Amino acid sequence: MAFCFRIPGTAAHQECNEWILDELEKYTTNIIEQDFKASFFDQTNVDATNIIASFNPDHPRRILLGAHWDSRAIAEKDPDESRKNEPIYGADDGGVTMGILEDIKTQLRKSNQLAVNYSSKPRVD
């Protein structure tokens with residue numbers, strides 16, 4: 001799972017998308033992919049996908065968990081001017097929250113006490 005920079009429109013982004021889907025399919029068949037075109041920085045019409053999975057969808061008690069899973073092409077908000085044009089490593093930008101969601105998803109699915117909508121939505125700035 002070493003995708004590093006998961007910038008929309010790159011091979012690493014597509015590989016990560018496929019990995020997320022493969023992992024979710026181990027737990028549910030209730031998966032929706034929302035494909036769309038995104039524009040950011042100097043990029044236009046870049047392929048991006050929201051992934052939404054539901055676990056135990058008929059349960060009356062439901063929660064929604066969400067995170068972005070892509071990484072940004074440049075660190076334009078970095079306080080260090082010399083680093084503003086560098087990409088942001090995936091572990092720091094979206095990777096941590098996705099790891100947390102993966103664990104929560106697994107634990108809640110095992111408990112079957114609560115329904116979960118899991119949305120791994122890319123953030124495009």
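The structure is a predicted model, in which local features require a pLDDT of at least 70 and side-chain atom pairs are counted only at pLDDT 80 or more, whereas totals for chains, interfaces and linings use all residues. Residues are numbered from 1 along each chain as its sequence is written, and side-chain values use heavy atoms, with hydrogens and water left out.

The secondary structure comes to two helices and four strands, where helices (H or I, at least four residues) and strands (E, at least two) are DSSP runs numbered from the N terminus. Read along the sequence, these elements follow the pattern α-β-β-β-α-β. The predictor's confidence in each residue is expressed as pLDDT, on a scale from 0 to 100; its mean over the protein is 76, and 77% of the residues reach 70 or more. Confidence is highest in helix 1, at 87, and lowest in strand 4 (residues 115-120), where the mean is 56.

Of the 125 residues of the protein, 40% count as buried, a term that denotes under 20% relative accessible area, while exposed denotes over 50% and partly exposed the range in between (1.4 Å probe, protein chains only). The protein exposes about 7300 Å², of which carbon and sulfur atoms supply 50%; these accessible areas come from the Shrake-Rupley method with a 1.4 Å probe, and for residues only the protein chains shown count as cover. Among contacts (heavy atoms within 4.5 Å) with a separation of 6 or more, 65% are made by residues 24 or more positions apart.

A nonpolar core is taken as a set of buried Ala, Val, Leu, Ile, Met, Phe, Trp, Tyr and Cys residues joined through side-chain atoms within 4.5 Å. The largest such core has 12 residues, namely Cys-16, Ile-20, Leu-21, Leu-24, Ile-51, Ala-53, Phe-55, Leu-65, Ala-67, Trp-69, Met-98 and Leu-101. At least two residues of this core are supplied by each of helix 1, strand 2 (43-55), strand 3 (62-67) and helix 2 (91-111), and helix 1 gives the most, with four residues. A second, separate core has five residues, including Ile-7, Phe-40, Val-46 and Ala-48.

Within helix 1, Ile-20 counts as buried because its relative accessibility is 0%. Ile-20 and Glu-102 are 82 residues apart in sequence, yet their C-alpha atoms are 9.3 Å apart in space. Glu-23 also has its place in helix 1 (residues 11-25) and counts as buried, since its relative accessibility is 16%. The side chain of Glu-23 is joined to that of Lys-26 by a polar contact of 2.8 Å; a polar contact is a pair of N or O atoms within 3.5 Å, where within protein one atom must be able to donate a hydrogen and the other to accept it, and where residues adjacent in sequence count only if both atoms are side-chain atoms. When residues up to four places away in sequence are not counted, Glu-23 touches Glu-102 and Lys-105.

Strand 2 contains Asn-45, a residue other than glycine whose phi has a positive value, near 55°. Asn-45 counts as exposed because its relative accessibility is 55%. Gln-43, also placed in strand 2, is partly exposed, with a relative accessible area of 37%. The C-alpha atoms of Gln-43 and Gly-9 are separated by 9.2 Å, although these residues are 34 residues apart along the chain.

A search of the whole structure finds four salt bridges, each defined by a side-chain nitrogen of Lys or Arg within 4 Å of a carboxyl oxygen of Asp or Glu. In one of them, Asp-47 pairs with Lys-37, the closest N and O atoms being 2.4 Å apart. This pair links distant parts of the chain, with Asp-47 in strand 2 and Lys-37 in strand 1 (residues 31-40), 10 residues apart. Lys-37 is exposed, with a relative accessible area of 53%. Another salt bridge joins Glu-81 and Lys-84, whose closest N and O atoms are 3.3 Å apart; Glu-81 is exposed at 59% relative accessible area, whereas Lys-84 counts as partly exposed at 22%. Glu-86 forms a salt bridge with Arg-83, with 3.1 Å between the closest N and O atoms. Glu-86 is partly exposed, with a relative accessible area of 33%, and Arg-83 is likewise partly exposed, at 37%.
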